[in-house]
Amino acid sequence: MSHSMFDLFKIGVGPSSSHTVGPMVACARFSHYAAQTLSMTDIERVKVDLYGSLALTGKGHATDVACVMGLMGEMPATIESDEIDTMTKLVKNGGELPFAGRHYIPFNWQADIAFHYEQVLPAHPNGMTVSAYDKAGDCLASKTYFSVGGGFVVEEGETDALATDFTPPYPFKSAAELLEQCTKTNMTISELMFTNEVARAQYHDSHATRDTVNQGLDHIWQVMRECIDRGIKQGGVLPGGLNIKRRAKGMYDAIHDKQAHGLPTDTNDWVNLFAMAVNEENAAGGRVVTAPTNGAAGVIPAVLAYYDKFVSPNNPDGIRTFMATSAAIGSLYKTNASISAAEVGCQGEIGVACSMAAAGLAAAMGASNQQIENAAEIGMEHNLGLTCDPIDGLVQVPCIERNTMGAVKAINATRLAMGGDGEHHVSLDSVIKTMHETGLDMMSKYKETSQGGLATNVIPINVVAC
């Protein structure tokens with residue numbers, strides 16, 4: 001299916017779309033369900049059971065905190081990230097939870113958020129169950145959810161997190177179909193995406209227009225820019241115990257010191273800075289845009305900021321073209337492969353973000369549809385097999401630096417594609433299929449693991465995540 005642009009670009013909080021954003025969404029969905037279908041006064045206890053990767057790397061990703069925020073009715077797009085610590089302390093110290101934001105019940109943080117380290121639910125590595133009980137201990141309701149990457153949540157029994165009756169005017173399930181639709185209609189990829197997006201918006205609101213979509217994208221870009229700005233200003237050490245120092249502020253100061261002394265600066269210095277700033281903010285639990293995930297949240301903003309600073313400053317139409325095209329490419333990965341590192345390794349996060357960014361930049365720079373598809377293909381082709389092995393299960397090492405590499409690769413992929421005529425040997429569809437097969441063949445210890453690859457060789461831990 002062709003997903004909405006706003007499915008691929010969602011405002012959330014760090015550090016992980018799968019382990020923070022998804023669980024918060026799942027618990028918020030359950031709290032809303034309970035408020036709609038149960039007598040709130042009958043509810044005496046709510047419990048969350050975490051399985052697989054959500055259990056094994058959950059504490060490093062603040063999964064327990066995210067679950068509690070969701071049970072309170074908070075959502076990633078609207079929660080004030082600066083208030084999370086305060087709300088967490090109130091629940092921990094007070095022993096009470098305002099379930100669904102209005103019904104106070106006893107809450108024991110250690111007992112009511114259970115990490116099942118040895119159990120994996122069969123449907124997906126990121127599984128969780130949320131249950132409500134009455135005073136007698138009888139279960140009033142229980143639902144199982146799967147956090148499938150990028151903040152997407154599927155309830156047990158659902159086939160698609162985004163199932164809807166809406167059919168876009170120009171549907172596509174593959175790059176070949178996307179290019180064919182563009183050829184038939186004489187539209188660019190971004191124009192086709194905008195046509196679909198406006199129709200989708202009007203399906204939900206008959207008064208929606210192209211301006212409605214533009215305003216949504218402009219807001220996403222604003223949040224990205226604000227995230228870069230915050231990351232540049234912050235110093236100190238990132239939370240989590242690895243004692244990783246923030247580097248973006250120092251990088252920014254070094255660039256300006258060079259400029260003050262009349263020394264040249266490389267555009268890569270800026271791209272590295274932009275990506276580093278975003279993912280340090282993500283690691284600190286700040287507000288970011290999943291693009292398409294939190295772990296890869298710095299790639300697209302960095303390339304967008306590069307475009308805005310060095311290619312075509314103050315060009316909102318170019319930014320929108322970039323984002324619409326990126327979303328089209330991300331939709332293909334979401335439909336035909338995965339954007340979950342727990343399923344396919346980091347190639348499904350940094351690799352997909354690189355592919356999306358390369359396509360978006362090419363489109364904003366006036367590339368043909370064929371060159372755009374080539375840029376996306378190159379962006380993934382050179383990320384195939386990329387493992388996900390964060391040290392201590394934190395989205396810090398090698399994740400933060402890896403975003404800088406993904407952004408630089410995306411820009412080079414665009415240059416390579418635009419240096420040709422769009423003809424190339426390997427299709428994007430073939431690369432997406434290969435990425436998916438590679439991820440399925442990848443040993444589980446190389447997919448969002450606390451033991452395996454880089455994580456094992458740097459800090460051995462006797463816990464294996466899936």
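Let's start with a cysteine: Cys-346 counts as buried, at 8% relative accessibility. Here buried means under 20% relative accessible area, exposed means over 50%, and partly exposed is in between, using a 1.4 Å probe and protein chains only. Before going on, note that this is a predicted model, where local features need pLDDT of at least 70, side-chain atom pairs count only at pLDDT 80 or more, and totals for chains, interfaces and linings use all residues. Residues are numbered from 1 along each chain as its sequence is written, and side-chain values use heavy atoms, with hydrogens and water left out.

Back to the cysteines. The structure holds zero disulfides, a disulfide being a pair of cysteine sulfur atoms within 2.5 Å. For Cys-346, the nearest cysteine sulfur belongs to Cys-388 and is 5.4 Å away. Cys-139 is in no disulfide either, and its nearest cysteine sulfur, that of Cys-27, is 14 Å away. Cys-139 is partly exposed, with a relative accessible area of 44%.

Now for a helix. Helices (H or I, at least four residues) and strands (E, at least two) are DSSP runs, numbered from the N terminus. Nine of the nine residues of H4 are buried, so this helix is largely enclosed by the rest of the structure. Among them are Thr-63, Asp-64, Cys-67 and Met-69. What follows H4? That would be Gly-73, whose phi is positive, near 95 degrees.

In the loop between helix H3 (53–56) and helix H4 (63–71) you'll find Ala-62. Its phi is near 60 degrees, a positive value in a residue other than glycine, and Ala-62 is partly exposed at 24% relative accessible area. Asp-392 also has a positive phi, of about 60 degrees, although it is not a glycine. Look for Asp-392 in the loop between helix H16 (369–381) and helix H17 (399–418), where it is partly exposed with a relative accessible area of 34%.

The backbone has some cis peptide bonds to check too. One runs from Gly-14 to Pro-15, with omega near 10 degrees, and Pro-15 sits in the loop between strand S1 (10–13) and helix H2 (17–37). Another runs from Ala-291 to Pro-292, with omega near 0 degrees; Pro-292 is in the loop between strand S9 (287–290) and helix H12 (299–311).

On a 1 Å grid over the protein atoms alone, a pocket is an open set of points where a 1.4 Å probe fits, with protein on both sides within 12 Å along at least five of seven lines; lining residues have an atom within 4 Å of a point. The largest pocket has a volume of about 620 Å³, which is the space filled by probe spheres set on the grid points. Its lining has 30 residues, of which Ser-81, Asp-85, Ala-284, Gly-285 and Gly-286 lie nearest the centre. The elements giving two or more residues to that lining are H2, H4, helix H5 (84–94) and helix H11 (267–283).

Finally, the record: an unreviewed UniProt entry annotates residues 4–157 as "domain: Serine dehydratase beta chain". Such annotations may be inferred rather than shown by experiment. In the model, that span is 34% helix and 31% strand, and its end C-alpha atoms lie 22 Å apart.
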